[in-house]
Amino acid sequence: MGRIIAVANQKGGVGKTTTAINLSACLAERGKKVLTIDTDPQGNTTSGLGVDKNNLAKTIYHFLLGEATLEECIIQNVIENLSLLPSNVNLSGAEIDLIGVEGREFILKKNIDKIKEEYDFIIIDCPPSLNILTVNAMTTADAVLVPIQCEYYALEGLTQLVHTINLVKQRLNPELKIEGVVFTMYDARTNLSLEVVENVKSNLRQNIYKTIIPRNVRLAEAPSHGLPINLYDTKSVGAESYRNLADEVIKKEMEPDEVQEYTERGR
Ligand code: ADP
Ligand code: MG
């Protein structure tokens, strides 16, 4: 059965899109059938997977507005084992367009439920805000994966994110869990990255992935070639680290009982 993971953090630039693309691609490389969903009007997941976002007849926007079916919008096998529900700038109007639409929090969920058996994993990249698109991702998801950038203020905004997740859990999706926190852009040359990891570990009590994603220039270059890291530079440390993350995610899928509740300690 398809496991649905939303990659969310309302902070921009923390590595959500990089993680959504490369986790998806590494799961696909492991032979898993993956659907990647881009819910960010920036469409960076779409272009990062080699799809021309400015030249799409049907995107997630048309689907959310009821103008096209999910099947019509999904692009099959953009790379082997990986299909994409694309997005582009059109989606920036969705928040307004959906005002007053009944059940607007559940549009994605209702339709994904019908096709989720076709995939092993559905990975949803969220926009950098807590809006109706993020809510749709969280009502659809089994779990949220939170990338945290190794920088000062890493914890800033996390209280808000936890609050949102808890609200969604209470009111819209009681089954929602925190899949875990993954540290991104770790720079082994600085003490700062290490301090951030230690600080977050001592302040937050939940699953933290053993895999830490290092800062790696190849990860930043890959999207401009429309390739995930495992295809752009298969031996890079970026590729290796996202493979390790994919393996952890696969392992967790098999041990769901290990997934703990996400609670904040002392904040
Ligand atoms: P978000 O989706 O949270 O806004 P992105 O994944 O787009 O964040 O990352 C922000 C920027 O940082 C992008 O330019 C991306 O290429 C770069 N980046 C992300 N992760 C890494 C990394 N591990 N090493 C180097 N650059 C990274
Ligand atoms: Mg992004």
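Trainee: Which residues does Ala188 touch, not counting residues up to four places away in sequence?

Mentor: Before I answer, note that this is a predicted model, in which local features need pLDDT of at least 70 and side-chain atom pairs count only at pLDDT 80 or more, while totals for chains, interfaces and linings use all residues. Residues are numbered from 1 along each chain as its sequence is written, and chains are lettered from A and ligands numbered from 1 in the order in which they are written. Two residues are in contact if their C-beta atoms, placed from the backbone, lie within 7 Å. On that criterion Ala188 touches Ser193 and Pro214. The C-alpha atoms of Ala188 and Pro214 are separated by 7.7 Å, although the two residues are 26 residues apart along the chain.

Trainee: Where does Ala188 lie, and is Ala188 buried or exposed?

Mentor: Helices (H or I, at least four residues) and strands (E, at least two) are DSSP runs, numbered from the N terminus, and Ala188 lies in the loop between strand 7 and helix 9 (191-203). A residue is buried if 20 or more other C-beta atoms, placed from the backbone, lie within 10 Å of its own, exposed if 12 or fewer, and partly exposed in between. Ala188 is exposed because it has 9 other C-beta atoms within 10 Å. Leu133, which is found in helix 7, counts as buried because it has 25 C-beta neighbours inside 10 Å. Leaving aside neighbours within four places in sequence, Leu133 is in contact with Thr39, Ala94 and Pro127.

Trainee: How should I read the faces of a helix, and which residues of helix 6 are buried?

Mentor: An α-helix has 3.6 residues a turn, so residues three or four places apart point the same way. In helix 6 (residues 107-115), the buried residues are Ile107, Leu108 and Ile112. Seen down the axis, these buried residues fall within an arc of 100° (taken from the directions from the helix axis to the C-beta atoms), so they line one face of helix 6. Lys110 and Lys114, on the other side of helix 6, are exposed. What covers the buried residues of helix 6 includes helix 3 (60-64), strand 5 (121-125) and helix 7 (132-140).

Trainee: And for a strand, which residues of strand 6 point one way and which the other way?

Mentor: In a regular strand the side chains alternate between the two faces of the sheet. In strand 6, Ala143, Leu145, Pro147 and Gln149 point one way, while Val144, Val146 and Ile148 point the other way, and all are buried. Since seven of the seven residues of strand 6 (residues 143-149) are buried, the strand is largely enclosed by the rest of the structure. Strand 2 (residues 34-38) is also mostly covered, with five of its five residues buried; Val34, Thr36 and Asp38 lie on one side, and Leu35 and Ile37 on the other.

Trainee: How many bridges join strand 6 to strand 1, and how many to strand 7?

Mentor: Two strands pair if DSSP finds at least two bridges between them. Strand 1 (residues 3-7) runs parallel to strand 6 and is joined to it by three bridges, with Ala6 opposite Val144. Strand 7 (residues 177-184) pairs with strand 6 in the parallel sense over seven bridges, and here Val146 stands opposite Val181.

Trainee: Which strands pair with strand 2, and in which sense do strand 3 and strand 4 pair?

Mentor: Strand 2 is joined by four bridges to strand 4 (residues 82-85), which runs parallel to it, and Thr36 stands opposite Leu84. Strand 2 also pairs with strand 5 in the parallel sense over five bridges, where Val34 stands opposite Phe121. Strand 3 (residues 75-79) and strand 4, by contrast, pair in the antiparallel sense over two bridges. These two strands form a hairpin with two residues between them, and Asn81 in the turn has a positive phi of about 70°.

Trainee: Finally, which residues come nearest to ligand 1?

Mentor: A residue is near a molecule if its C-beta atom, placed from the backbone, lies within 6 Å of it. Of the 16 residues around ligand 1, Gly15, Lys16, Thr17, Thr18 and Ala220 come nearest. Helix 1 (16-29) and helix 10 (217-221) each supply at least two residues of this shell, and helix 1 gives the most, with three residues.
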